[in-house]
Amino acid sequence: MSEPKTDRRTFWMAAIFGLPGVISAALAIPAALYLLVKPKSQQKGTWVEAADLSQLQVRKPEEVVFRRTRIDGWRVLTEKATAWVVKMDDQNIVAYHPQCTHLGCAYHWDQKENNFICPCHTSAFSIDGKVLTGPAPRPLDRYAIRTENGKLLIGSEIQKS
Amino acid sequence: MLRRIIDWLEDRTGIESAINHFLGEAIPHSAGWHQVLGSVALFAFLTQAFTGVLLAFNYAPTPGDAYSSLRYIVTELTAGRIIRGLHHWGASLMIIVVVLHLTQVFLWGAYKKPREATWLVGMVLLLVTLAYGLTGYLLPWDNRAYWGTVVTTQIASQAPGAGPYLLRLLGSDGGSIGVVTFARFYAAHVLLLPPLTMLLIGIHLYLIRRHGVTPVPGDESLPKKQFYPEQVFKDTVATFVWFAVLAAMVVAVRVPLGRMADPTDTSFIPRPEWYFLFLFQLLKLFEGPLEIVGSVVLPTIAIGALFLIPFIDRGKAIRVRQRTGAIALVALGAIGWAGLTARAVATTPPSTESADAGLRQVEAWREIPAADMAAIGYFRKDNCGNCHVLGKAGEAPDLAKAPSNRPADWLTQHFKQPATNAPPTQLSGLQIKTLATFVAKRDDKAVEAWSSAPQSDVEGAMLYQTNQCGMCHQLNGAGQQVGPPLNGLADRRARDWVEHHFAEPAKFSPGSTMPPYKFSSHDLDRITSYLLDIPK
């Protein structure tokens, strides 16, 4: 049995390792994109009308209920959602996500204390969302908002500070 | 350092010597390119398993969700089309390579003693591969899948004696295809067949190692070669070629997805996947009580004969060029298969829906009846939108939000004199009636069309309505069927033909009872464009 020439052997080795490398890349790259990139329709946010600006009083938080559509994979769901909306002054409005930043309990506005109180672990937040007391790790989360023709629009994106 | 890791692994697991043993297999001097197909088939299976798992990550296996989840994979997910393409075309290419592998083994007579068991296991693997094709065909749950499977289950029901039980096993009691059938097909495709395949491949490979790669007569005395690297190189190149063809198909050919399965659709022409077309055509050669010969008897005999080949052909191994009988059989089989398949393709009428109908977005206005389109036109013509702003409650109710619940005579009166200061309507009695029906009964599609339908097509629909075309023709599900339905006219007729046909129907369609219509050139353009814009 004669040994094949060295250069032929080198060529074989290059093919044996190179070609499966190409195949693996051709399979792995689409697979990674497929699993890791956000679905197309979820890349653009949606806006829903939630409140009439003229009905809001300055520095008086209102719990606003609105219907929004949420995309769950291949399904489109309409569901009820709430936000705590505060008109800070005529220019500034914020809409807080209705869950405490500690462990997700629903908090409420305490008229007497003049702050938001979470019933679970007594976190308290000021009207501008800052943590006053309790275990909450960060200020209240906010919805992306926009105003248009005197209406408050709430976006699907939630901003954490 | 690397050496130390390898040594540690070798000491604890023996993996290095196992690989060396595997790669160092002695193979006959004659081994070469003709023996690469088994490796390619194995790789094809691995590719299918990989892409199949990826698809399953985003696929909901119930008739209610299967179609929309698959559509989601293909249209919403990045590279989803590639993953599905690899799985879909990979299945076809796997069938091809498995059949080529079988043909090679048959031609070389590699099934002879002592390799009968290897052949038998391989035959079962062939059937398992076909079973993947059969069960996977239903899973997209589009018309093609649904109707193709209806035919398959009907054929199974013809099996003498076993028919009803086979049907029950397929979850298709009484011949209908529903949630149970779907669950069975899915479970078979992903839970039953893959472990079975792996087990059979394991046995198949074990038997190959046990008996060694089949030598050519006269080869035994020649010095043996090692599997690695020369044969590994050949297997790798062949695998790469197979994968390159697959990749090219994924890029160049759109993977089909029709409309969602519709059991009431009587116009769909079901066809099996291309590799089963010859069976479908074979069936046509036998009519009436003989049908069972084509559907059950002949396929059973053919498969049985294939299984028995090692026991029928017990002669001594001879060189492939001298195996004239085997070559003749393969040639006959190939000619028969190609002939039947070609005949089936040639006699298949053009499909009523295009292969990728489910992937195209159809605008809402193309799918609503002409009366609704015309009503949108009346709404626009009478400037109703001045007060009724769509999507906003203003001076007048937002008609996009909910249908009007006013009684018909109130609406009629309202259209005649919408408001005290508004100009009186320009609409005729019939047009008022059409608009009243529309605002009270409109659906979501109509609402979408309301704001988005192009004015020229709306004008075409108004002409369609004024000339009462619906008295004889059906369009988007509305109208009579005295004349031919008009959906998909663009696929059947040229624009010129349609325009001239209006003026002299009898000249273009002999025997037609359609009266001639003399339109102005503007109107002719509008109504023709509208009709040609309505899809199948």
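Predicted model: local features only at pLDDT ≥ 70, side-chain atom pairs only at ≥ 80, totals over all residues.
The interface between the two chains is considered at the outset. Chain B contributes 34 residues to the contact, and chain A contributes 28 residues. The size of an interface is often given as the accessible area lost when the parts come together. Between chain B and chain A, about 2,800 Å² is buried. Carbon and sulfur atoms give 76% of that area. One salt bridge is counted between chain B and chain A. It pairs the side chains of B:Asp65 and A:Arg75, with an N to O distance of 2.6 Å.

A helix pair also spans the two chains. Helix 1 of chain A (residues 6–36) packs with helix 10 of chain B (residues 227–252). Their axes lie 9 Å apart, at an angle of about 35 degrees. The crossing of helix 1 of chain A with helix 10 of chain B is left-handed. Residues of this contact comprise 19 nonpolar, two polar and two charged. Helix 10 of chain B also holds B:Pro229. The peptide bond leading from B:Tyr228 into B:Pro229 is cis, and its omega is near 0 degrees.

Within chain B, helix 5 (residues 80–108) and helix 6 (residues 116–136) form a further pair. Their axes come within 10 Å and cross at roughly 160 degrees. An angle over 145 degrees counts as roughly antiparallel, and helix 5 and helix 6 of chain B are therefore roughly antiparallel to each other. Helix 5 of chain B passes helix 6 of chain B in a left-handed crossing. From helix 5 of chain B, the contact draws on B:Met94, B:Ile95, B:Val98, B:Val99, B:Leu102, B:Val105 and B:Phe106. These meet B:Trp119, B:Met123, B:Leu126, B:Thr129 and B:Leu130 of helix 6 of chain B. By class, the contact of helix 5 with helix 6 of chain B has 11 nonpolar residues, one polar and no charged. The loop between helix 5 and helix 6 of chain B contains B:Pro114. A cis peptide bond joins B:Lys113 to B:Pro114, with omega about 10 degrees.

Helix 3 (residues 37–56) and helix 9 (residues 179–211) of chain B also pack together. The angle between them is about 150 degrees, and their axes are 12 Å apart. That angle makes helix 3 of chain B roughly antiparallel to helix 9 of chain B. The crossing of helix 3 with helix 9 of chain B is left-handed. Helix 3 of chain B supplies B:Leu42, B:Phe45 and B:Ala56 to the contact. Their partners in helix 9 of chain B are B:Tyr186, B:Pro194, B:Thr197, B:Met198 and B:Ile201. The contact of helix 3 with helix 9 of chain B has seven nonpolar residues, one polar and no charged.

A:Asn114 is not a glycine, yet its phi is positive, at about 65 degrees. A:Asn114 sits in the loop between strand 5 (108–110) and strand 6 (115–117) of chain A.

Technical notes:
Residues numbered from 1 in each chain as written. Chains lettered and ligands numbered in written order. Heavy atoms only, no water. Axes fitted to C-alpha atoms, helices over the stretch in contact; angles between N-to-C directions. Helix = DSSP H or I, 4+ residues; strand = E, 2+ residues; numbered from the N terminus. Parallel < 35°, antiparallel > 145°, perpendicular 65-115°, else oblique. Left-handed = near helix turned anticlockwise from the far one by under 90°. Contact = heavy atoms within 4.5 Å. Nonpolar A, V, L, I, M, F, W, Y, C, P; charged D, E, K, R; others polar. Buried area = accessible area lost by both parts, 1.4 Å probe. Salt bridge = Lys/Arg side-chain N within 4 Å of Asp/Glu carboxyl O.
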